[in-house]
Amino acid sequence: MKQFLIIMLALIIVGSGLWVWTELKNPRKLVSRNLLLSKILEENKQREEFFSVQLFFASKMGFSLGVETREVKGEKSSLQQQIRRALAELIKGPTQADLVSTIPVGTKLRGFYLDKNGIGYADFSNEMIKNHPGGSWGELITIYSVVNTVIKNFPQVRQVKLLINGLEVETLRGHLDLRRAFSFNESLLSQQP
Amino acid sequence: MIFRKKHLNFLIICILAIPALIEAASLSRRSFSQDLAAAQAAQDTDQQQASFCLVIDPGHGGKDSGVLFGATLAEKTLTLSLARKLQELIDSDPELNIKVVLTRVEDQDLPLDRRAAIANHHRADLFLSIHFGSYLYPALDSMQIFIADYSSEELEYLSMINESWSLMQSKHLAESREFGRYIEQAVRASGAFAAVNFLKAPIYFLKGASMAAVEVEAGFAPSEENINKLESEDYQWQLAKILLQGIVSFLNKDQEQSQFSPSSEFSPPAEIDRVRENLYGQGTRQEQEQ
């Protein structure tokens with residue numbers, strides 16, 4: 001009985017090995033496998049594609065926000081991931097000589113969340129407050145550089161609310177009310193008359 | 001009864017004393033009348049001083065230094081110094097008929113809501129918050145004039161949750177815009193700033209104010225030259241005069257509309273009454289808390 005079982009097990013192993021070898025040698029199956037592989041590679045390639053964003057920085061020349069367009073690597077499949085990448089570029093600061101950074105040194109984006117009402121929550125680290133120079137104008141330009149960058153590039157976001165360390169705060173440095181969400185600001189795009 | 005010489009002397013003294021007593025009584029009456037008139041005049045003056053009430057808010061204070069110009073000059077010091085000068089200018093001219101209250105008179109902490117609460121408590125007609133900014137860019141001497149701003153969603157939400165405090169300023173935006181325009185005109189006419197901007201923004205400390213409310217922020221590049229200028233008493237007096245010009249122009253506008261003349265008997269313009277009705281119909285937060 002024991003010998004019979006050993007023979008049966010050996011036959012199963014040899015049979016399975018022969019079936020796998022036959023499958024691998026089949027040219028039709030090989031093409032199909034290669035197609036699948038190239039499809040996966042193509043998808044990965046698409047995910048690595050760049051998308052264009054308009055980043056809003058402070059203008060050195062006047063009291064307004066200036067735009068710098070930048071190609072950003074990002075995943076097409078995730079809106080929130082794209083927004084995070086766009087804001088990471090905003091934090092890096094401008095490359096154009098006529099623009100100046102609006103986000104305080106050392107600030108990190110902790111996250112970006114979008115609710116079902118189209119309100120985006122941009123969550124920044126505490127450096128956003130700690131290293132901010134203050135002033136109503138300074139706070140205004142910082143807030144709207146974030147808000148305009150998000151809404152201009154991602155119209156699915158209607159309004160943006162700023163959080164610090166995951167929490168709602170009253171102001172950055174004692175001026176603008178951060179308890180509300182902000183809409184796109186047209187008036188800061190050109191110099192006041 | 002024997003009529004003696006000493007009785008005669010007493011009678012003579014009494015007769016002689018009568019005119020003196022009459023004169024003394026007259027003097028006393030006159031003095032009382034004068035005192036009454038003086039008191040009445042003082043009361044009238046007080047009433048006249050209360051014709052318009054301006055609350056000046058020197059920004060920041062205490063632990064909150066505000067913007068720093070260089071290593072030592074803090075915004076909180078500049079705002080208080082300018083506010084005091086503006087108060088002194090107004091107090092030195094009784095004909096202006098403006099009572100001035102400062103939200104802080106020393107270097108002290110003052111929460112943002114408390115600033116508007118002080119203005120509401122004094123039933124102020126105008127609230128002026130003074131700030132300074134240090135701008136690397138644009139490196140221009142500039143004056144930013146801010147009035148409060150609400151989004152439609154915010155108004156809807158605040159009404160829904162009955163947050164009357166933050167809604168206070170929403171009923172006075174037209175007056176605030178007008179007040180801001182007069183300040184803007186005065187700043188432009190002075191030629192003291194290379195740029196003047198009039199902006200709407202959700203300024204936190206203006207939202208609880210139940211009267212025309214404006215924030216001014218004088219912005220300067222943080223250069224050595226500018227720091228010296230800002231510390232100069234002459235320059236601060238100049239800034240105070242510019243702001244006073246804007247305030248007086250705004251109040252004169254009201255006076256013209258209501259045919260009010262400082263020399264005539266004072267009756268508050270209808271618009272001011274309406275403002276007060278709106279404000280105190282709801283009660284201030286302080287009163288609500290009490």
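In chain A, 63% of the contacts between residues at least 6 apart in sequence join residues at least 24 apart. The model behind this figure is predicted. Chain A has 193 residues, and buried residues make up 28% of them.

**Elements and order**

The secondary structure of chain A comes to 5 helices and 6 strands. Along the sequence, the pattern reads α-α-β-β-α-β-β-β-α-α-β.

**The sheet**

Three elements of chain A, in the order β2-β1-β3, form an open sheet of 3 strands. The pairing is antiparallel. β2 (65–73) and β3 (99–100) of chain A stand at the edges; each has a single partner strand, so one side of each is left without a neighbour in the sheet. Strand β1 (residues 50–59) of chain A is joined to β3(A) by 2 bridges. A:Ser59 has A:Leu99, in β3(A), as its bridge partner.

**Helices across the sheet**

Two helices of chain A lie across β1 and β2 of that chain. Their angles to β1(A) are listed here.

| Helix | Residues | Lies across | Angle to β1(A) |
|---|---|---|---|
| α3(A) | 79–92 | β1 and β2 of chain A | about 40° |
| α5(A) | 136–153 | β1 and β2 of chain A | about 155° |

**A look at α3(A)**

How does the span of α3(A) agree with its length? At 1.5 Å a residue, its 14 residues should span 20 Å, and the end C-alpha atoms are 20 Å apart, which agrees.

Which residues of α3(A) are buried? They are A:Ile83, A:Ala86, A:Leu87 and A:Leu90. Seen down the axis of α3(A), these buried residues fall within an arc of 95°, so they line one face of the helix. The cover over them includes β1 and β2 of chain A. It also includes β4 (109–114), β5 (119–124) and α5 of chain A. Just after α3(A) comes A:Gly93, with a positive phi of about 95°.

**The contact between chains**

How many residues does each chain bring to the contact? Chain A gives 22 residues and chain B gives 26 residues. On the side of chain A that touches chain B, the largest share comes from helix α5 (residues 136–153) of chain A, with 4 residues. By class, that side of chain A has 8 nonpolar, 10 polar and 4 charged residues.

α5(A) lies across β1 and β2 of chain A. α5 of chain A is among the elements that cover the buried residues of α3(A). Helix α5 of chain A also gives the largest share of the side that touches chain B.

How values were computed:
Residues numbered from 1 in each chain as written. Chains lettered and ligands numbered in written order. Predicted model: local features only at pLDDT ≥ 70, side-chain atom pairs only at ≥ 80, totals over all residues. Contact = placed C-beta atoms within 7 Å. Nonpolar A, V, L, I, M, F, W, Y, C, P; charged D, E, K, R; others polar. Pairing = 2+ DSSP bridges. Axes fitted to C-alpha atoms, helices over the stretch in contact; angles between N-to-C directions. Expected span 1.5 Å × (residues − 1). Buried ≥ 20, exposed ≤ 12 C-beta atoms within 10 Å, placed from the backbone. Arc of directions from axis to C-beta.
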